[in-house]
Amino acid sequence: MQYRIEQDTLGEVKVEADKYWGAQTQRSLENFPIGPQASMPKAISLSPNDDVNRSQSSNDTFPSAMHIAVVLKTCRHTLPAIGALRDTLKRKSQQFADITKTGRTHFMDATPLTLGQEISAWVTQLDKGIGAIEQALANCRELALGGTAVGTGLNSPAGYAERAAELISSFSGEQFVSAANKFEALSASDAMVELSGAFKRLAVSLMKIGNDVRMLASGPRCGIGELQLPANEPGSSIMPGKVNPTQCEALTMVAAQVMGNDLAVSIGASNGQFQLNVFRPLIAANLLQSAELLGDACLSFDERCASGLEPNRQMIAKQLQRSLMLVTSLNPHIGYAKAAQIAKDAHQRGISLRQAALESGLVTEAEFDTWVNPANMLGPFEVKL
């Protein structure tokens, strides 16, 4: 192997002859053998200090690079993927608007709603998550460039910060601005914390969506079984014919990882001291991983699960008719206590709600059939004043 000698303020350093980097990069490679080996881009041999680093410092370029990378990744990958999943679930919500089913609270039977209404909650969660991410991106569009070493702008010409932001906006296709206060831009990472928090919010939503879909599809015969999932692969090496909700499981694992990444970002950002935060590599790595994972998971869940979701209408109807909580519709007519006694009697004797109500003598057959109609229990009832 042929080497050349590079020099820096600490002395001589041996660098492989065919490599373009200098002494400090070589020292970094030797001193930090952590993570995968990165490749260096081919470039003309320039002075890292007098040419590449002119009018700037690693203290303002590093946070600027973080902001640019996160904005581009989020806008080009994460948000489009979330939007695609949101649109699929919106179509499913509209498609299943006529399917009345039993609701569940505390994992127990509750009053009816439609499958479309149930899915509409997931759509709104994603809408709000998208809004939170877009709002957080506003502060990430501020660049620290021009602050140089500590925020004063020493060694940078007047107008440099604003011109740099304009050029970066032009070639990136995304809007960036020069941070109004460079001292904050260099020393704090609050914008990263805000975006990470928005990612965490979305992860929490995806955890619920994934778990709801998984539980509603449980079975297919000994669980809830109200949703049918696409069969993407065999689910067991010992149980023939078993199919597992693997897309739901992958989605929820990503959600857990993003929640953990948010904690790492929070700890990293809280460790800025005076005019610098040395935890920025940790912050950037975790935030970019969250953006990548969320985008990938949403695309996969959309394509391999959400797009193929179908209702099991027979099971939904069976569960709905067996629900004792339909008795709630009797409350305005016979009162809560008497309605509760009817539900208790039906449960203890293993008979239908209808039979228990008629045997109680509190309602007639015609009244029960009129009042206990799941299709009429999907919203507030009209009161004539």
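Predicted model: local features only at pLDDT ≥ 70, side-chain atom pairs only at ≥ 80, totals over all residues.
Attention is given to the backbone at the outset. A cis peptide bond is present between Gly219 and Pro220, with an omega angle of about 10°. Pro220 itself lies in the loop that runs between helix α7 (190-216) and strand β7 (227-228).

Positive phi angles are considered next. Asn155 is not a glycine, yet its phi is positive, at about 75°. This residue, Asn155, is located in the loop between strand β5 (142-143) and helix α5 (160-172). Asn155 counts as exposed because its relative accessibility is 65%, and the cut-off for exposed residues is over 50%. A positive phi is also found at Phe274, where the value is about 55° although the residue is not a glycine. Phe274 is placed in the loop between helices α8 (246-269) and α9 (280-304). With a relative accessible area of 75%, Phe274 is therefore classed as exposed.

A residue within a helix was examined as well. Gln257 belongs to helix α8. Its relative accessible area is 37%, so Gln257 is described as partly exposed, a term that applies between 20% and 50%. When neighbours within four places in sequence are left aside, Gln257 is in contact with Gln289 and Leu293. Gln257 and Ser237 are separated by 20 residues in sequence, and the distance between their C-alpha atoms is 27 Å.

Definitions and conventions
Residues numbered from 1 in each chain as written. Heavy atoms only, no water. Helix = DSSP H or I, 4+ residues; strand = E, 2+ residues; numbered from the N terminus. Buried < 20%, exposed > 50% of the residue type's maximum accessible area, 1.4 Å probe, protein only. Contact = heavy atoms within 4.5 Å.
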